[in-house]
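This report goes through the folds of two chains and the contact between them. The sequence and structure come first.

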Amino acid sequence: MKIECKIDSDKKIKVFQVEGELDVHHVKNLKAEIMDSIEPEGWTYEIDMEKVAYLDSSGLGMLVYIKKEIGRHNGKLRILHLNEQVLNVFKLTKLDEFFEIA
Amino acid sequence: MQKRIQKMIDQMPPNATQMKMHVKGSSETLALIRRVIAACVQHLKLGDPLINDIKLATTEACTNVIKHAYKFNDAMSFELAIKTSAELFVVEVFYQDPGFVPEKIPVPNLKEIKEGGLGVYIIRSIMDHVNYITDAKSGRVRLQMVKLLNSKESTGGPGEN
């Protein structure tokens, strides 16, 4: 799994570009990377999942955790560029209504 | 309907088994399992829409074995089998989980957003038949997950939308 982070300090946005498969084996890396980068107040975090070919309940669970943690720091989480297969897993669990997906 | 599917599984002949794998109980193997499942579905020419559902259900099942039954102890192992007939695609997972009671698997309330507990819900949502067979004496669990082939009765699932 590859994770790259681009930071725009002026706009207070961090974009994580993720490549790989988000199952129980790989979620820890992404979770740690994002958790370590959470700022004290009011940043927006975007996870670009264009290159995520697979996601399951472990990936969803990790995203739920991250969104709650970001919310505690008055931040926002946006999920970008889900492919149809991955978006369908969100829809199946109705988590497409919980996350901001663009 | 569920009884009918179970009867069809029970009546499958021994040569319905296309493949049986002995798998290390490590989360590292999950990607390999997905590739094997995808290759098997493609080899049997069952159509791409089935691949995503079966890969997802199988990964969820194996994740539960590795995470909950084996607690990430990779000295443990489990078996995965694929059986087919003209009407059924069956994935079976054989593992050890003494004390496991399928009836006690919680059904998630999707209005309460939680970080876990969605794996079996996803499996049940995308497969046409899911059955846990437990042997209390040996602690052995046999999980059967079935997709109906060429049938209007199939529940579909995310890969078929």
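Does A:Glu39 count as buried, exposed or partly exposed, and why? With 15 C-beta neighbours inside 10 Å, A:Glu39 counts as partly exposed, because a residue is called buried if 20 or more other C-beta atoms lie within 10 Å of its own, exposed if 12 or fewer, and partly exposed in between, with C-beta atoms placed from the backbone.

The model is predicted: local features need pLDDT of at least 70 and side-chain atom pairs count only at pLDDT 80 or more, while totals for chains, interfaces and linings use all residues. Residues are numbered from 1 along each chain as its sequence is written, and chains are lettered from A and ligands numbered from 1 in the order in which they are written.

**Chain A**

Helices (H or I, at least four residues) and strands (E, at least two) are DSSP runs, numbered from the N terminus. A:Glu39 lies in the loop between helix H1 (27-37) and S3 of chain A. The C-alpha atoms of A:Glu39 and A:Phe90 are separated by 27 Å, and the two residues are 51 residues apart along the chain.

Chain A has an open sheet of five strands in the order S1-S2-S3-S4-S5, with mixed pairing; two strands pair if DSSP finds at least two bridges between them. Its edge strands are S1 and strand S5 (100-101), each of which pairs on one side only. Strand S1 (residues 2-8) of chain A is hardly covered, and the count of buried residues among its seven residues is zero. In the hairpin of S1(A) and S2(A), four residues stand between the strands, and A:Lys12 takes a positive phi near 55 degrees.

| Strand pair | Sense | Bridges | Facing residues |
|---|---|---|---|
| S1(A) and S2(A) | antiparallel | seven | A:Lys6 and A:Val15 |
| S2(A) and S3(A) | parallel | nine | A:Phe16 and A:Ile47 |
| S3(B) and S5(B) | antiparallel | nine | B:Phe94 and B:Arg142 |

Helix H1 of chain A has the buried residues A:Val27, A:Leu30 and A:Ile34. Seen down the axis of H1(A), these fall within an arc of 75 degrees, so they line one face of the helix; the arc is that of the directions from the helix axis to the C-beta atoms. An α-helix has 3.6 residues a turn, so residues three or four places apart point the same way. The face of H1(A) turned away from its buried side carries the exposed residues A:Ala32 and A:Asp36. The cover over the buried residues of H1(A) includes S1, S2, S3 and H2 of chain A, where two residues are in contact if their C-beta atoms, placed from the backbone, lie within 7 Å.

Helix H2 (residues 57-72) of chain A lies across S2, S3 and strand S4 (76-80) of chain A, and runs at about 145 degrees to S4(A). Axes are lines fitted to C-alpha atoms, for helices over the stretch in contact, and angles run from 0 to 180 degrees between N-to-C directions.

**Chain B**

The sheet of chain B is open and has five strands in the order S1-S2-S3-S5-S4, with antiparallel pairing. Its edge strands are S1 and strand S4 (129-135), and each pairs on one side only. Neighbouring strands of this sheet are turned by 15 degrees against each other on average, direction ignored.

H2(B) lies across S1 and S2 of chain B and runs at about 175 degrees to S1(B). At 1.5 Å a residue, the 15 residues of helix H2 (residues 29-43) of chain B should span 21 Å, and the end C-alpha atoms are 21 Å apart, which agrees; the expected span is 1.5 Å times one less than the number of residues.

Buried residues in H2(B) are B:Thr29, B:Leu30, B:Ile33, B:Arg34, B:Ile37 and B:Val41. They fall within an arc of 145 degrees seen down the axis of H2(B), so they line one face of the helix. Exposed residues B:Arg35, B:Ala39 and B:His43 sit on the face of H2(B) turned away from its buried side. Just after H2(B), B:Lys45 takes a positive phi of about 55 degrees.

**Between the chains**

The buried residues of H2(B) pack against strand S3 (44-55) of chain A, together with strand S1 (17-24), helix H3 (48-69) and strand S2 (77-84) of chain B. The contact takes 20 residues from chain A and 23 residues from chain B. On the side of chain B that touches chain A, the elements giving two or more residues are H2, H3 and helix H4 (119-126) of chain B. H3(B) gives the most to this side, with six residues.
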